[in-house]
Structure formats: structure tokens, C-alpha cells
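Please look over the sequence and the structure below before reading the points.

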Amino acid sequence: MYGALWRVLPGPWWVRTIILLVAVAALLYALVFWVFPFVNTLIPQGDVTVEGGP
């Protein structure tokens, strides 16, 4: 899969690397600001208490 992605991208290796870094940054941005907050609303938030040790 990674080899196919690498072959599809245009330009020399340094341009491909920059394109991949920008794509990974965009993916992480989308996950942190859109996907994770949406999923957080779907997960029930209960009061969690941890009992003390021995």
C-alpha cells in the first residue's frame, strides 16, 4: 500500500516527502478538531472513582 502511494505521488523524493507530511498533518488536524470531539459526545461519561489501596 505504501509503495503504491509513493509511486502515485508526483515529483522527486523530497517533493513526495513534503506532500506526505502535509497529508499526515491534515489528517491529524481533522482527527483532533472534528472526529475526536464528535466521538466524545457519543461515549457516555460516567463518574469514575478509584478506591484507595490496601
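**Notes on the chain**

1. Of the 54 residues in the protein chain, 4% are buried; buried means under 20% relative accessible area, exposed means over 50%, and partly exposed is in between (1.4 Å probe, protein chains only). This is a predicted model, in which local features need pLDDT of at least 70 and side-chain atom pairs count only at pLDDT 80 or more, while totals for chains, interfaces and linings use all residues. Residues are numbered from 1 along each chain as its sequence is written, and side-chain values use heavy atoms, with hydrogens and water left out.

2. The protein chain has a radius of gyration of 20 Å, whereas a compact globule of 54 residues would have one near 10 Å. The radius is taken over C-alpha atoms, and the globule rule is 2.2 Å times the number of residues to the power 0.38. Along the principal axes, the C-alpha atoms fill a box of roughly 60 × 30 × 20 Å.

3. The secondary structure consists of two helices and zero strands. Helices (H or I, at least four residues) and strands (E, at least two) are DSSP runs, numbered from the N terminus. Pro12 sits in the loop between helix H1 (2-8) and H2, and counts as partly exposed at 40% relative accessibility. From Pro12 to Trp34 there are 22 residues in sequence and 33 Å in space, C-alpha to C-alpha.

4. How many aromatic pairs does a search of the whole structure find? There are two. Rings of Phe, Tyr and Trp (its six-membered ring) pair if their centres lie within 6.5 Å; planes under 30 degrees apart count as stacked, over 60 as edge-to-face and the rest as tilted. Tyr29 and Phe33 make a tilted pair, 4.7 Å centre to centre with 40° between the planes. Both lie in helix H2, four residues apart, about one turn of the helix. The rings of Tyr29 and Trp34 have centres 5.8 Å apart and planes at 85°, so this pair is edge-to-face.

5. Tyr29 is partly exposed at 46% relative accessibility, while Trp34 is exposed at 59%. Val35, in helix H2 (residues 13-42), is partly exposed, with a relative accessible area of 36%.

6. The accessible surface of the protein chain is about 5100 Å², and 75% of this belongs to carbon and sulfur atoms. Such areas come from the Shrake-Rupley method with a 1.4 Å probe; for residues, only the protein chains shown count as cover.
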